[in-house]
Amino acid sequence: MEAPLNPEFPLDASSPAGSLAAYWVGPRHLAGDDGCLYDAVADTLTGLGWSSLAIIRGRREPDQAEEDRQVLRSTVLHISPDTLRWAQWTLPDEPFHLGDLPIAWQFSARADTRSPLAGWSAYFTFGVPGEAVSDFAHALDAHDAPTVVRTGPECVIDAVAAHGWYRDADQPNAQAADPTFTACVSLGEVPPLIQDADPRVLTLQPDDEGPLGWQAWVEPVMGAPCLWAASFSASVPHDIIAAFAHSLSSTAPVLRRVLPDSTRDRLLQAPAS
């Protein structure tokens with residue numbers, strides 16, 4: 001499954017004028033999001049029956065026209081039918097960064113509709129393959145109790161190991177890397193600002209280790225910017241994260257028109273006829 005790809009993204013004569021050529025590429029975790037991460041995930045959520053609404057916050061002076069209002073923050077919120085789970089597209093606001101990349105999607109869940117607080121949250125920057133985020137959404141939607149942890153953390157590493165990723169010798173059930181050691185999934189202390197209902201986060205001292213959560217990222221070159229990053233707070237059920245990990249590490253090719261500059265040379269490519 002390999003064919004040369006013009007780095008300038010040539011036009012495909014068989015496609016409508018002005019469109020980019022489409023290619024089947026792999027491995028998936030290096031393929032990026034094709035510049036359509038919102039559409040890929042939003043279409044999945046719509047197909048699952050989640051409702052959506054746009055939230056816009058801004059400032060308007062007296063007698064100022066609506067079109068001249070200064071928009072300070074805008075998000076698109078998707079809510080499951082039982083209102084126990086929701087997802088926010090936050091990239092336009094860039095509220096905070098993960099691995100020096102702005103968060104694009106934030107998923108959350110709660111145990112009871114009487115509580116306005118999320119039991120956990122998961123964060124995905126732009127660049128995460130939309131297929132993996134969509135499979136995470138499917139697993140979250142299918143979970144009958146989205147805040148209940150029923151499996152151990154080893155299921156996450158089992159998911160990637162099944163696709164040829166290498167377990168860490170010192171932490172075989174808590175860390176694994178792809179065969180090129182470009183991508184990693186790891187269970188460890190979560191970055192700052194990751195929202196979770198675990199009460200231990202409220203009593204931590206500066207030198208204390210907080211609750212452990214899963215992280216995933218692609219670092220094309222050591223010390224260089226990440227292609228993408230994902231973070232899961234400590235209370236996210238491991239089996240839901242395992243669905244993301246299984247999809248992320250899948251060996252099945254994905255369709256792409258736009259390839260990341262940092263990993264383009266590492267991708268196997270075949271024209272999509």
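User: In which loop does Pro27 have its place?
Analyst: This is a predicted model, in which local features need pLDDT of at least 70, side-chain atom pairs count only at pLDDT 80 or more, and totals for chains, interfaces and linings use all residues. Residues are numbered from 1 along each chain as its sequence is written, and side-chain values use heavy atoms, leaving out hydrogens and water. Helices (H or I, at least four residues) and strands (E, at least two) are DSSP runs numbered from the N terminus. On that numbering, Pro27 sits in the loop between β1 (23–26) and α1 (37–47).

User: Which residue is joined to Pro27 by a cis peptide bond?
Analyst: The bond in question has an omega of about 0 degrees.

User: Which elements give two or more residues to the lining of the largest cavity?
Analyst: A cavity is a set of grid points where a 1.4 Å probe fits but cannot get out, and the count comes to 1 cavity of 30 Å³ or more. Among the lining residues are Val156, Trp214, Gln215, Phe244 and Ala245. The elements that give two or more residues to this lining are β11 and α4.

User: Is His143 buried or exposed?
Analyst: His143 lies in the loop between α2 (130–142) and α3 (154–161). Setting aside residues up to four places away in sequence, His143 touches Arg85, Val148, Arg150, Pro237, Asp239 and Ile240 (a contact means heavy atoms within 4.5 Å). Buried means under 20% relative accessible area, exposed over 50% and partly exposed in between, using a 1.4 Å probe and protein chains only. Because its relative accessible area is 7%, His143 is buried.

User: Which residue makes a side-chain polar contact with Gln106?
Analyst: Gln106 is part of strand β6 (residues 101–109) and is buried, at 9% relative accessibility. The residues it touches, beyond four places in sequence, include Trp86, Ala122, Tyr123 and Gln195. A polar contact is a pair of N or O atoms within 3.5 Å; within protein, one must be able to donate a hydrogen and the other to accept it, and residues adjacent in sequence count only if both atoms are side-chain atoms. At 3.4 Å, the side chain of Gln106 has such a contact with that of Ser121.

User: How exposed is Phe181, a residue other than glycine with a positive phi?
Analyst: Phi of Phe181 is near 55 degrees. The residue lies in the loop between β9 (175–177) and β10 (183–189). Phe181 is classed as exposed because its relative accessible area is 61%.

User: What is the phi of Thr83?
Analyst: Thr83 belongs to the loop between β3 (70–79) and β4 (85–89). It is partly exposed, with a relative accessible area of 29%. Although Thr83 is not a glycine, its phi is positive, at about 60 degrees.

User: How far apart in space are Ser262 and Ala224, C-alpha to C-alpha?
Analyst: Ser262 is in the loop between β13 (254–256) and β14 (268–271), and it is partly exposed at 40% relative accessible area. Beyond four places in sequence, Ser262 touches Pro220 and Leu227. In sequence, Ser262 and Ala224 are 38 residues apart; in space, the distance is 9.6 Å.

Conventions: 1 Å grid on protein atoms, 1.4 Å probe; cavity = no way out; pocket = protein on both sides within 12 Å on 5 of 7 lines; lining within 4 Å. Points joined across faces, edges and corners; volume = space filled by probe spheres on them.
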